[in-house]
Every structure is written in C-alpha cells, then in structure tokens.
Amino acid sequence: MDLGSIEYADNALEYLAHIASPYGDAMQRVATYVSEGLAFQVLKNLKGVPKALSLPKTLSTSEELLVKNLFFQFYPFLKIAYVISSHAIAEAMKGEEVIHVIDLSASEAAQWIYLMQRLKEQQKKPLLLKITAIHEKKEVLEQMALHLGVEAQKFNFHLQFNAIVSSLENLDLESLPVEKGEPLAISSVLQLHSLLATDDSMSSCRNPPSESMNQSTFKEVLGKKKINQSSGSSLLSFPICASSPKMEGFLNGLRKLQPRLVVITEQESNVNGSSLTERVDKALDFYGALFKCLESTFLGTAVERIMLERTLLGDEIKNIVACEGVERKERHEKLETWIPRLELAGFGRETIRYDWMMQAKKELQGYGNGYKLLQENKCLFVCWNDKPLFSVSAWKVY
C-alpha cells in the first residue's frame, strides 16, 4: 500500500470512527471490527507494528470453547446443521453394526450426540461408533472425547475415539485410521473454506496493493444497511469456480476414502474476493445480517453478546479485511461455487429430505419468527428474513 493509499485509508478510518461502536446497532457494531481490520491493513506496512499488535490474537482453549458454545447457544445454525447431518448419516448407515465418521471440524461434541440419538431410535441393538476427530489443539480433542464417552455409555454404544492433532491444511488423509470397505461418513462444519487460502503474491488475479479506498467508497458501502433481497431467482447460478490446487487435492483425497456420505456446512457468503473494497462490502452485508438477527433474538447478557461478537465474529471480520495470502483463512464462498467444485472432484448431491427439514425446523423454536429454512436443488439454506446465511449439503461419491 503506497503513501497515497495510506492517506485514503486513513480518511476512510476517520469516517468509520464517527459511526462505529461495539454498543450501537448491528451495522455500527460490524463497522467497529471492519475499522480495526482496515487499521491493521495500514499499520502492517510499518515494520515491527504487525508483530507488536498480533492481530488476530490466538484464543486459549477455554476461550475458544466458550465462544463456540455461545455461537451454538444463541444462533440456531449449528443445531440445524447437526440435525440434518445426523439424519443423513443415519440413513446412509442403516443396518450397519459398525459406523465410522470423520469430523473435519472437531470441537463440538453436540453434533455426535445428535447422531447417537438418531441411531438409537433407528437401531435398537448396541453398535460400534468410531469417531475420528481432527483439531489443532490436543486439549479440545481430549475434552470432546471425555464428553462423548459419557454420552456413549448412556446410549449403550461402544465408542472408539481417534484424536488427530492437525490443521486441515496439514492433514494427511491417507494416514487416517480408515479400514477398506467400512461404512464411512465425513462431516465438515464451517471449515472447508480455510483450504482456499493461497499466497496472494503468487496469484496473477489479485489487485495491486495500491488499491485506493476513500471516504466516498465507504459511505457507499456502509450506506447499504438494507440487506439486498433475492428477486425470486434461483440461489444457485453455478459460476465457474477459481482453481485451487490445495482444495482440489483435498477433495480428491476425500473421494479416495470412498465415504458413503459427506455432509458440508458453510457460510452462504462470498468474502473471498481479490478486491479489499469488495471484501469489506460482502463482510458488511453478511455480518450485518448476523449481528442483526442476534440482537433481534438474543436472550443472553450484554457481556455474552459482546464476547461472541468481538471474540468470534469480530475476529473473522478482521481476518477478512486485514489479512492476505495464507493468513486469510476466512474465505467463505457461496454454495453455487461449492457445487461445481465438488462435482469436478467426483461427488454428486444427495437430497436433503423434507422430513429431515421438518425435524430441523423444531430447533428454530425460541429464536423468534425471523429464521426460515429453504430447500433448493437438493440442498438446505438457513435464512434470516429470506436472506440465506448458511447452507447444508450432502454428497456421495460417483
């Protein structure tokens, strides 16, 4: 970023400072974390400052588990995903006495408790449930194993928990404890997009670092407080997705494991653009809706809301705005982009059944009237006031 661009960004930050507040309305709160990310974009060009600021800060294990539990508790998105996933996996494994699931985004035991409940309803006799869980922190996996061990005894299941301490990027799929021909399912919840991280300096499609950002640009972006609604057209237009060798290799590795089913939950947003202005625009749109539905249905304390927004959602916003290359992990893309990517890797969509959706809809009770479930092209979207925010899709190898 040259001196001219720094001046422009500084002017934009001055404008944001007048409207941003972690205690204001939804857009003011989102603007708080956008402005922090932009400030880092300016300061990271000064030697030594980025290391001194250490943005974003790494959470302790207890902090990570706390904010993820707050997200699970105060939003219905993960509950919906877990209900759909449990029904889809149980259906794919019907009649089997040994079931193996790989959790690519391990940290939350609740997903597999949902599955245990569903399997108990479906299969009366005890079975062996093998869970291979991947996470970067050993402590998270240890706590998850203890929790699931207690629940498995309640359901009279034999549990084999395989803890794999690894990031998704460094995961060696061939070394996973998968037996040839065993009934296998794979789950990824809000994790797969991290593999889209690339070194921007190696990409020819990136905008030059001297991209100008001025006050008028941000006034236009921030002025879009009203969420753009779909005009009734299909949510899925299937654009040509950009090449990502890392992602292609990973999906090919998953296919080689020959799973019966893969269930993927992702944010229904597109913050993976090359332009910083575009990323700010998309982040304001997506997180503005997330903050708005939270304040409309929130039943916790102000301290809990601020902790959730600052520590989890705020850090995601700052990663989108402040970071580049492999450091920018929050690279959400819409399902319309994931579909051709997965189909090219040899996967085909499985229908999210209507009766599963009706079961999942029960999880919306207590969250007000703004949330809706939308089924389209075999997939499920969780919406706020008709705006899709998360997608759940199921896939088989073809």
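Select helix H5 and helix H6 in this predicted model: Lys-79, Tyr-82, Val-83, Ser-85, Ser-86, His-87, Ile-89, Ala-90 and Glu-91 of H5 meet Ala-110, Gln-111, Trp-112, Tyr-114, Leu-115, Arg-118, Leu-119 and Gln-122 of H6. Coloured by class, the residues of this contact comprise 9 nonpolar, 5 polar and 3 charged.

Proceed to helix H10 (residues 276-297) and helix H11 (residues 302-322), which pack at about 165 degrees with axes 10 Å apart. The angle is over 145 degrees, and the pair is therefore roughly antiparallel. The crossing of H10 and H11 is right-handed.

To inspect this contact, select Leu-276, Arg-279, Val-280, Ala-283, Tyr-287, Leu-290, Phe-291 and Leu-294 in H10. They meet Arg-305, Leu-308, Glu-309, Leu-313, Glu-316, Ile-317, Ile-320 and Val-321 in H11. The contact of H10 with H11 contains 12 nonpolar and 4 charged residues, with no polar ones.

Now select Phe-71, Tyr-75, Phe-77, Tyr-287 and Leu-290, the residues that touch the most other members of the largest nonpolar core, which has 88 residues. Centre the view on Phe-71: leaving aside residues up to four places away in sequence, Phe-71 touches Phe-77, Leu-78, Leu-190, Leu-308, Leu-312, Leu-313 and Phe-390. Finally, select Leu-176, Leu-192, Met-247 and Ile-339, which are among the 29 residues of another core, apart from the largest one.

Conventions
Residues numbered from 1 in each chain as written. Predicted model: local features only at pLDDT ≥ 70, side-chain atom pairs only at ≥ 80, totals over all residues. Heavy atoms only, no water. Core = buried A, V, L, I, M, F, W, Y, C linked by side-chain atoms within 4.5 Å. Buried < 20%, exposed > 50% of the residue type's maximum accessible area, 1.4 Å probe, protein only. Contact = heavy atoms within 4.5 Å. Helix = DSSP H or I, 4+ residues; strand = E, 2+ residues; numbered from the N terminus. Nonpolar A, V, L, I, M, F, W, Y, C, P; charged D, E, K, R; others polar. Axes fitted to C-alpha atoms, helices over the stretch in contact; angles between N-to-C directions. Parallel < 35°, antiparallel > 145°, perpendicular 65-115°, else oblique. Left-handed = near helix turned anticlockwise from the far one by under 90°.
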